Amino acid sequence: MKKVSTSTLLKMKAESEKIVAITAYDASFAKLFDEQGVDVILIGDSLGMVLKGDDDTTTVTVDEIAYHTRSVSKGASRCMIIADMPFMSYASPLQTYENAAQLMAAGATMVKMEGGKWLLDTIQGLVERGVPVCGHLGLTPQSVHVFGGFKVQGRSEEQATRLLNDAKALEQAGIQLLVLECVPVEIAETISQSLTIPVIGIGAGAGTDGQILVMHDMLGISANYMPKFSKNYLEQTGDIRKAVSLYIDEVQSGLFPSEAHSFK
């Protein structure tokens, strides 16, 4: 099958075909997800929590993301591969360029960054230098200590307006994909409909252009806790491949996420 590109994802959005994404950290799971038909694999800084057992994602380094990106790229031949830019790895434009170059050399086809308007110049600089960028708004886990915990974002009118404005500004700066995490269904759908680029949700309801889950949550094996927005597909099926296949089917058909996995 043809390799998934940004053009593929744009076409899927235009044709109302849901995008299926998942995290992975090694070649074996990447190969399994790739063969089952997942569209996007993210090497997430979630590895700090699900692999290292830390309380949050802020301990993850660029070298760790690069290591796991190299591993994933050996297993996945069709999926788009996105690598997270970890905490404080994009504090200045020059630092961002160097770290993004390292992740692209490791096998990523796009990098993901958390934040709003303060990132606009950096994003524009990356795109000008040939590095595709995925944005990330809502609950941005690297800011967990600023938020005072893992809390839903965008519930007030002021927060919702800021999220929409940030999303539009990020698109204007050149991002080609956006992740919305833990935001109310209504604002997530509004943002998805307001942007021409695809919007991937996690805890953002079914109105986005696609969904992403942390693989350990989807398989019910996370070391810490199971988020409200996730679903244990391994418990339903008893087989990893069947679990991944069911996840794909439910995202594509709109059955996942349901109201039980969303926020008002």
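Helices (H or I, at least four residues) and strands (E, at least two) are DSSP runs, numbered from the N terminus. With those labels in hand, here are the close-up views; the model shown is predicted.

**View 1. Eight strands close into a barrel.** Follow the strands around and you meet them in the order β1-β2-β3-β4-β5-β6-β7-β8, with parallel pairing. From one strand to the next, the twist averages 25°. As a reminder, strands of a sheet pair through backbone hydrogen bonds, either parallel or antiparallel.

**View 2. Helix α6 lies across β4 and β5.** The helix covers residues 120-128, while β4 spans 110-114 and β5 spans 133-138. Relative to β4, α6 runs at about 175°.

**View 3. Strand β6 pairs with β5 and with β7.** Five bridges join β5 and β6 in the parallel sense, and Leu137 stands opposite Leu180 of β6. Turning to β7 (residues 199-202), β6 (residues 177-181) pairs with this strand over four bridges, again parallel. Here Leu180 stands opposite Gly201, and Glu181 has Ile202 as its bridge partner.

**View 4. Both faces of β6 are covered.** Leu177, Val179 and Glu181 sit on one side, with Leu178 and Leu180 on the other.

View 5. In the loop between β6 and α9 you will find Cys182, which has a positive phi of about 50° although it is not a glycine. Cys182 counts as buried because its relative accessibility, 5%, falls under the 20% cut-off.

**View 6. Ser16 has a positive phi too, at about 55°.** Ser16 is not a glycine, and its place is in the loop between α1 (6-14) and β1 (19-23). Because its relative accessible area of 68% is over 50%, Ser16 is exposed.

**View 7. A cis peptide bond joins Phe256 to Pro257.** The omega of this bond is near 0°, whereas most peptide bonds are trans. Look for Pro257 in the segment after α12 (240-253).

How values were computed
Residues numbered from 1 in each chain as written. Predicted model: local features only at pLDDT ≥ 70, side-chain atom pairs only at ≥ 80, totals over all residues. Heavy atoms only, no water. Pairing = 2+ DSSP bridges. Axes fitted to C-alpha atoms, helices over the stretch in contact; angles between N-to-C directions. Contact = heavy atoms within 4.5 Å. Buried < 20%, exposed > 50% of the residue type's maximum accessible area, 1.4 Å probe, protein only.
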